[in-house]
Amino acid sequence: MARITAGVGCSHVPAIGVAMDQGLTRQPYWAPCFAGFQESRKWMKRANPDVIFLVYNDHCTAFDATCIPTFALGCAPEFQPADEGWGPRPVPVVKNHQRLASHIAQSLILDEFDITILNEMEVDHGLTVPLSVMFGEHGPDDEWPALVVPLAINVVQFPPPTGNRCFHLGRAIRRAIDTYPEDLDVVIFGTGGMSHQLQYKRAGLINQKFDRDFLDRLTTDPIGLSQMPHIDYLREAGSEGVEMVMWHVMRGALDREVTEVHRHYHVPASNTAVGHIILENTSIQGQAI
Amino acid sequence: MSVKKDYDDIPGTFIFDADRSREGYQLNQFCISMRWQKNRDEFNADEEAYLDRYPMTQEQRHAVLNRDWNGMLALGGNIYYTSKLAANDGINFQQLAGIMTGMGNEAYREMMLNGGRSPEGNRYQYEWDQHGEE
């Protein structure tokens with residue numbers, strides 16, 4: 001059977017992708033940011049997932065303002081890196097596990113999560129930057145080491161889904177994956193954040209205390225953390241910090257008991273606090289949260 | 001009558017909700033069209049003619065032509081849309097923040113290197129009002 005082995009929380013700052021694509025990662029500005037992902041890349045090699053279930057948001061790239069789905073599951077065979085205004089990132093095409101995606105789509109809807117199904121989609125930095133930081137440099141002619149099932153969540157037009165809703169969706173994703181008959185190791189990514197505000201006069205807001213507390217509570221109080229109201233993210237972590245609701249999907253898909261095996265936190269990457277955590281399920285047949 | 005929103009008192013911030021999305025629809029649809037090279041070429045060749053395709057308000061149109069980045073946000077634009085226009089102009093997110101905050105690129109970059117803008121004194125509009133900020 002398929003099973004979720006671990007969860008990864010990870011920022012998806014576009015400038016991190018630019019730094020990798022332009023070979024700037026050893027520069028003094030970027031070196032400390034990337035140093036924290038060295039251990040993660042070793043971990044990814046050991047974990048060697050067949051599939052990554054990747055929770056992210058589109059940044060007005062694949063979705064324009066005509067249609068704004070709250071939860072949208074990528075069911076296409078593959079996803080091309082998008083041109084976001086400065087040319088597509090030179091990274092591999094993202095390939096789906098289409099039968100697993102179809103199964104998850106069906107399971108989620110019958111589990112009363114009324115998701116949108118996407119049969120064509122380009123993917124922006126929100127999806128490709130986490131793959132790049134976790135797998136390292138891969139060029140457009142390479143292949144990503146794992147298949148990817150993308151779930152795009154609206155966090156651009158307020159309100160995004162609540163943390164509670166995201167957490168429960170994570171539980172439903174786990175139920176879907178647990179009932180898929182192929183023997184697959186799946187790692188779930190929750191991406192975005194951490195504190196940042198990109199717009200208007202308060203741009204540049206960073207709240208390190210908020211971020212570190214958030215990382216701590218993913219293990220010590222994940223359910224309580226998922227109850228945080230949107231206003232707290234907006235006021236404390238910046239208007240774009242509300243992206244962190246996506247991490248609750250990841251946490252909800254894991255066991256009640258998880259082990260934090262790696263953490264990295266760095267300020268700044270461009271306008272943003274970079275946060276990263278790896279949480280492993282502790283047993284083969286652990287109890288769902 | 002307008003609905004009172006609990007995020008209206010966050011200083012220096014526009015929350016892009018359904019009301020703003022409705023107001024900024026044509027502006028944002030124009031901005032996202034800058035995603036494609038063909039459209040960037042056509043816009044850069046004749047901005048006025050290209051903008052005729054998007055029936056936005058005169059205020060929005062002027063904000064685009066004058067690259068009034070805060071004005072675009074005030075008129076319903078969202079940063080992820082306006083950043084597509086900025087990218088066309090060769091301006092990245094951090095440079096755009098330097099402009100929107102009025103700090104300029106160097107001072108803004110320096111603030112970020114020093115840990116960013118603290119939440120202290122930046123949570124509520126009244127905190128800014130006390131210091132005479134807008």
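Guide: A quick word on the ground rules: residues are numbered from 1 along each chain as its sequence is written, and chains are lettered from A and ligands numbered from 1 in the order in which they are written. As this is a predicted model, local features need pLDDT of at least 70 and side-chain atom pairs count only at pLDDT 80 or more, while totals for chains, interfaces and linings use all residues; side-chain values use heavy atoms, with hydrogens and water left out.

Visitor: What makes B:Arg35 and A:Glu122 a salt bridge?
Guide: The term asks for a side-chain nitrogen of Lys or Arg within 4 Å of a carboxyl oxygen of Asp or Glu. The closest N and O atoms of B:Arg35 and A:Glu122 are 3.1 Å apart, so the pair qualifies. Across the interface of chain B and chain A the rule finds four salt bridges.

Visitor: How many residues of chain B are in contact with chain A, and what does contact mean?
Guide: Contact is heavy atoms within 4.5 Å, and by that test 47 residues of chain B touch 45 residues of chain A. The buried area, meaning the accessible area (1.4 Å probe) that two parts lose on being put together, summed over both, is about 4,200 Å², with carbon and sulfur atoms giving 57%. B:Arg35, B:Tyr80 and B:Phe93 supply 17% of the area that chain B buries against chain A, more than any other three residues.

Visitor: Why is A:Asp185 called partly exposed?
Guide: Buried means under 20% relative accessible area, exposed over 50%, and partly exposed in between (1.4 Å probe, protein chains only). A:Asp185 has 24%, so it falls in the middle class. A:Arg3 is also partly exposed, at 27%.

Visitor: And what makes A:Arg3 and A:Asp185 a salt bridge?
Guide: Their closest N and O atoms are 3.8 Å apart, so they pass the cut-off. A:Arg3 lies in strand 1 (residues 3-10) of chain A and A:Asp185 in strand 9, so the pair ties together parts that are 182 residues apart in sequence. Strands here are DSSP runs of E, at least two residues, and helices are runs of H or I, at least four, numbered from the N terminus. The C-alpha atoms of A:Asp185 and A:Ala2 are separated by 6.0 Å.

Visitor: Is A:Arg174 buried or exposed?
Guide: Its relative accessible area is 10%, so A:Arg174 counts as buried. A:Arg174 has a salt bridge with A:Asp178, with N and O atoms 3.1 Å apart at the closest. Both lie in helix 6 (residues 163-178) of chain A, four residues apart, about one turn of the helix. A:Asp178, at 32%, is partly exposed.

Visitor: How do you know that the buried residues of helix 3 of chain A line one face?
Guide: In that helix (residues 38-47), A:Ser40, A:Arg41, A:Trp43 and A:Met44 are buried. Seen down the axis, they fall within an arc of 160 degrees, so they line one face; the arc is that of the directions from the helix axis to the C-beta atoms. On the other side, A:Lys42, A:Lys45 and A:Arg46 are exposed.
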